[in-house]
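I opened this model to look up its aromatic contacts and one of its helices. My entries follow.

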Amino acid sequence: MNLKIAVVGAPQAGKTLFCINFAEFLGAKSLCYTEEGPLGRGKGVVAPSQARRLMVHPGTRSNGVMRSFSVNLLGNSRRIVLFDTVSLKEKNPLPRSERKKLLTTLQALMEADAVLHLVDLTTTDPAVLHFIMEAGQHLANYCLSRSKIYVPLGSKCDLLPVKGGLAGDLTFPGGKLMPVSSLTRHGFLQLREQFAAAGSHRKARTLNI
């Protein structure tokens, strides 16, 4: 049985690096991926180190690209699929080109069993902060209405402390922000345990990873 997780967030929240490094943390030696974006569709198999070089490093073209990473867990007949979604943007109204990209993120949300909302803890722009809070409320309400797991994550906690932003107040729609760092893997073990705890309380399906 597969577990599908949608990773969402604003631009520069660190979604792609999180997906790659969390998959590696779960034991992935290679990543099966598919992608769809302005340059078309593609798929392949890469090592986590190669994925970081091709998809995360400066100069790579990740803007507007929707990816999914599949991880086969060793010693477990389960597969984890991480949806690296297109960034949520605060522009209102959204340009037509951005609406098309947003559709792929909405489709991933519908397909996912769980939603991880990455919030950049170093964000200080009031307009972006307001948008992030509104998006969090909508995501929390949607997941509650669809019986999906919703976990808000405070990304880039390794860069704290900062002045302003969300660093001083971790209260967020759907609960407290769980601090994580894709670079140091801080919070990854706690996140895995949270999924395991959630799975133990669900009779309909098991979410242990």
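I started at Phe22, which is buried at a relative accessible area of 0%. Buried means under 20% relative accessible area and exposed over 50%, with partly exposed in between (1.4 Å probe, protein chains only).

I noted the ground rules. The model is predicted: local features need pLDDT of at least 70, side-chain atom pairs count only at pLDDT 80 or more, and totals for chains, interfaces and linings use all residues. Residues are numbered from 1 along each chain as its sequence is written, and side-chain values use heavy atoms, without hydrogens and water.

Next I checked Phe18 and Phe188. Phe18 has 0% relative accessible area and is buried. Phe188 is also buried, at 0%. The ring centres of Phe22 and Phe188 are 5.3 Å apart and the planes stand at 85 degrees, so I logged the pair as edge-to-face. Phe22 sits in helix H1 and Phe188 in helix H5, so this pair ties together parts 166 residues apart in sequence. My pairing rule: ring centres of Phe, Tyr and Trp (its six-membered ring) within 6.5 Å; planes under 30 degrees apart are stacked, over 60 edge-to-face, the rest tilted. I found one aromatic cluster of Phe18, Phe22, Phe25 and Phe188.

Then I turned to H3. Helices (H or I, at least four residues) are DSSP runs, numbered from the N terminus. I listed Glu98, Lys101, Thr105, Ala108 and Leu109 as its buried residues. Down the axis of H3 they fall within an arc of 105 degrees, so they line one face; the arc uses directions from the helix axis to the C-beta atoms. Arg96, Lys100 and Met110 are exposed on the other side of H3.

Key: Helices (H or I, at least four residues) and strands (E, at least two) are DSSP runs, numbered from the N terminus.
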